[in-house]
Amino acid sequence: MIVLFSDFGVADPYVGQVKARLSVEAPGQLMVDLLHQTPDFNAHAGAHLLAALAAGFPPGSVFLAVVDPGVGTERHGAVVTAGGHWYVGPDNGLLSVVAGRDTQARIWKIEWQPELLSSTFHGRDLFAVIAAEIARGAFPEHKLSQAEKLQVEFDIGDLERVIYIDHYGNAFTGIRATAISPLSRVSVRGMELAHGETFGRLARGQGFWFSNSAGLLELAVNRGSAAADFGLQVRRCSRRVKARLNNQNGAIIIHIGTCWAGHQQIVQGLEAGIAIVISQ
């Protein structure tokens, strides 16, 4: 199985061009379109999405993952095997979370280049060929060199910000929900959201947080849009701050979503982001 994960979108020809190449290089292989609306150019958000979503696929699946704003530059291409899966894509951090969370992960640098290589479409001309060879059981060892680590590595801990907004307006965060108690409250722009098990048990228009099907903490509004109601956007950067709140019930507040560029604060204050209040 070849699983496609990209920021190519669904309105342009790029996905079709990649699948055409895969059909030639690995005829008969099942191809699954996992996501083609990964946040544009955002390898960091993509890395956490990929790590969360990959868990639902059978062992041996080959992920062709392309979020590649540095295409055509000196950045390397990589092959990773981790968690029973294979990953092929740019070495720009996109594969680093799946690799970093598996202590048995193995990594290769892609050394090979095809004779015809578009400077702007390595997803089709380079990565698709390597992914196809792995999927059909012909590991391209002669095209790779083993590496100790990836060239670009993101922190493998939770990413405390919004990493994806679906077409309903539900907002995925990069926080693994297994670490958050259902008794916790999430504060978004001054409004506290309680945990909810599912949409149908809540009133229309009610905001809540839940553990989504990928295991991430997600913000939602029943039959509404959390993104619109709370002004959430993926492109906001974040930092994490922990502070005790006057020792009231031993609560901890985690500020999420405050955006910085160097020493310049772009988004002011807590109201610009999210806070998870965890009662101890």
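# Sheets, helices and salt bridges

Mentor: Let's start with strand S6 (residues 106-110) and S7, which run antiparallel and are joined by four bridges. Keep in mind that this is a predicted model: local features need pLDDT of at least 70, side-chain atom pairs count only at pLDDT 80 or more, and totals for chains, interfaces and linings use all residues. Residues are numbered from 1 along each chain as its sequence is written, and side-chain values use heavy atoms, with hydrogens and water left out.

Trainee: What makes S6 and S7 count as a pair?

Mentor: Two strands pair if DSSP finds at least two bridges between them. S6 and S7 have four, so they qualify. Within that pair, Lys109 sits opposite Ser145 of S7.

Trainee: And why is something called a strand or a helix here?

Mentor: Both are DSSP runs numbered from the N terminus: helices are H or I with at least four residues, strands are E with at least two. By that count the protein chain has five helices and 18 strands.

Trainee: Which order do the strands take in the open sheet of seven?

Mentor: The order is S2-S1-S3-S5-S4-S6-S7, with mixed pairing.

Trainee: Why do strand S2 and strand S7 have one side left without a neighbour in the sheet?

Mentor: Strand S2 (31-35) and strand S7 (144-147) each have a single partner strand, so they stand at the edges. From one strand to the next, the twist averages 25°.

Trainee: What makes helix H1 a neighbour of that sheet, and how is it oriented to S2?

Mentor: Helix H1 (residues 14-25) packs on the sheet and touches strand S1 (2-6), S2 and strand S3 (62-66), with a direction at about 150° to that of S2. Touching means contact, i.e. heavy atoms within 4.5 Å. The angle is taken between N-to-C directions on a scale from 0 to 180 degrees, using axes that are lines fitted to C-alpha atoms, for helices over the stretch in contact.

Trainee: Which strands does H2 touch on that sheet?

Mentor: Helix H2 (residues 43-54) touches S1, S2, S3 and strand S5 (85-90), and its direction makes about 150° with that of S1. H2 also lies across S8, S9 and strand S13 (216-221), at about 85° to S8.

Trainee: How do you know that the length of H2 fits a helix?

Mentor: The expected span is 1.5 Å times one less than the number of residues. For the twelve residues of H2 that gives 16 Å, and the end C-alpha atoms are 16 Å apart, so the two agree.

Trainee: What makes H2 mostly covered?

Mentor: Ten of its twelve residues are buried, among them Ala43, Gly46, His48 and Leu50. Buried means under 20% relative accessible area, exposed means over 50%, and partly exposed is in between (1.4 Å probe, protein chains only). Across the 280 residues of the protein chain, 48% count as buried.

Trainee: In what order does the open sheet of four strands run?

Mentor: S8-S9-S13-S12, with antiparallel pairing. Strand S8 (159-165) and strand S12 (207-211) are the edge strands, pairing on one side only. On average, neighbouring strands there are turned by 30° against each other, direction ignored. S8 pairs with strand S9 (residues 171-176) over four bridges in the antiparallel sense, and Ile165 stands opposite Ala171 in S9.

Trainee: Why is the link between Asp125 and Arg21 called a salt bridge?

Mentor: The rule asks for a side-chain nitrogen of Lys or Arg within 4 Å of a carboxyl oxygen of Asp or Glu. Here the closest N and O atoms are 3.6 Å apart, so the pair passes. The partners lie 104 residues apart, with Asp125 in helix H4 (residues 122-135) and Arg21 in helix H1. Arg21, Asp125 and Arg124 are linked in a network of salt bridges; the whole structure has seven salt bridges.

Trainee: Is Asp125 buried or exposed, and what about Arg21?

Mentor: Asp125 is at 3% relative accessibility, so it counts as buried. Arg21 has a relative accessible area of 27%, so it is partly exposed.

Trainee: What makes Arg75 and Asp68 a salt bridge?

Mentor: Their closest N and O atoms are 2.6 Å apart. Arg75 counts as buried because its relative accessibility is 13%, and Asp68 does so at 10%.

Trainee: How far apart are the closest N and O atoms of Lys143 and Glu133?

Mentor: They are 2.7 Å apart, and the two residues form a salt bridge. Lys143 is in the loop between H4 and S7, ten residues from Glu133 in helix H4. Both Lys143 and Glu133 are buried.
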